[in-house]
Amino acid sequence: MTGRTIVVTGAESGIGAACATAFGAAGDRVAVLYFADHAAAEVTIAAVRSAGGEAMAVQAHVDDEASVDAAFAAVERAWGPADVLVNSAGVNMTGVAVREMTLDHWRRMIDTDLTGAFLVSRRFLAGRGQAVADAAIIHISSIHAYAVRAGGADYCAAKGGLSNLVETVAIEEARRGIRVNSIEPGMILTPMNARAQQDDAYRRTLEANIPLGRAGKAEEVADLAVFLASDRARYITGARIVIDGGLSLMQALGA
Ligand SMILES: NC(=O)c1ccc[n+]([C@@H]2O[C@H](COP(=O)([O-])OP(=O)(O)OC[C@H]3O[C@@H](n4cnc5c(N)ncnc54)[C@H](O)[C@@H]3O)[C@@H](O)[C@H]2O)c1
């Protein structure tokens, strides 16, 4: 074991589950924070353990301050302050244009993908107190933080705001040894892309737009998260790292 404690949000599914497993393989203790599906969290826990790590499941709604506080307190009681936060909890865009979008719809996205990032970051920092020691925060953002899509105003605004949160916290916390970065995936095959996972013809149509010719895997994002949390990334902070097979470079080629 490394002695590191890793908190992963949204760890019962997709990129979060892959990150939890990859940190398990690195020999870490992983707190699997899940939204509602305890059985799915148990599957992640089994994967972390069989990869060689320790794991515990804790429920956390990232958009709820009390829930985030309670989850971190449970982790700290068991293992002490977290060394690494990977925030993968999020909801996807739904294709609703602004003129049709209700305030509730907008708020659900901002509360989860942006305010949630603020709440888990702040609670992670509170747990560390004034310690000066290596630590890392990694947010799973998106290429849509800068590559906008019609029907995704809520998502693009949340992930765009997340970029500024990451950069600001990076300079606030650098002197304490806490590095803060985000990962900006393109198309990754997870339950968030359920149709592409299930419908080969549909997936191939989308993959035709990706220079590397295929969608990405959650495990490929997890490899990047493990690197960013490691000493090999010791001089990287405030960075937003794209992992998209070249997709976002194709923006201007449509016309
Ligand atoms: N899959 C992709 O193509 C892709 C691309 C770019 C960015 N992302 C981002 O990656 C992150 C992970 O997505 P994924 O693809 O693994 O999708 P996913 O749907 O498999 O996982 C998202 C997880 O977030 C959890 N969640 C949702 N609302 C929550 C809340 N309020 N509190 C706590 N947990 C909550 C869900 O229960 C789920 O487990 C998201 O932030 C997403 O925006 C995904």
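This is a predicted model: local features need pLDDT of at least 70, side-chain atom pairs count only at pLDDT 80 or more; totals for chains, interfaces and linings use all residues.
Helix 1 passes helix 8 in a crossing that is right-handed. On the helix 1 side the contact involves Gly14, Ile15, Ala18, Cys19, Ala22 and Phe23, and these meet Ala218, Glu219, Val221, Ala222, Ala225 and Val226 in helix 8. By class, the residues of this contact are 10 nonpolar, 1 polar and 1 charged.

Turning to the other pair, helix 3, residues 65-79, packs with helix 4, residues 103-128, at an angle of about 35°, and here the axes are 10 Å apart. Helix 3 also passes helix 4 in a right-handed crossing. Helix 3 contributes Glu65, Val68, Asp69, Phe72, Ala73 and Glu76, while helix 4 contributes Leu119, Val120, Arg122, Arg123, Phe124 and Gly127. The contact of helix 3 with helix 4 divides into 6 nonpolar, 1 polar and 5 charged residues.

Finally, the pocket. The second largest pocket has a volume of about 280 Å³, and of the 17 residues that line it, Asp134, Ala135, Gly177, Arg179 and Arg234 lie nearest its centre. Strand 5, residues 135-140, and strand 6, residues 178-185, each supply at least two residues of that lining, which by class holds 8 nonpolar, 3 polar and 6 charged residues.

Note on methods. Residues are numbered from 1 along each chain as its sequence is written. Side-chain values use heavy atoms; hydrogens and water are left out. A crossing is left-handed if the near helix is turned anticlockwise from the far one by less than a right angle, and right-handed if clockwise. Helices (H or I, at least four residues) and strands (E, at least two) are DSSP runs, numbered from the N terminus. Contact means heavy atoms within 4.5 Å. Ala, Val, Leu, Ile, Met, Phe, Trp, Tyr, Cys and Pro count as nonpolar, Asp, Glu, Lys and Arg as charged, and the others, Gly among them, as polar. On a 1 Å grid over the protein atoms alone, a cavity is a set of points where a 1.4 Å probe fits but cannot get out, and a pocket is an open set with protein on both sides within 12 Å along at least five of seven lines; lining residues have an atom within 4 Å of a point. Grid points are joined across faces, edges and corners, and a volume is the space filled by probe spheres set on the points. Axes are lines fitted to C-alpha atoms, for helices over the stretch in contact, and angles run from 0 to 180 degrees between N-to-C directions.
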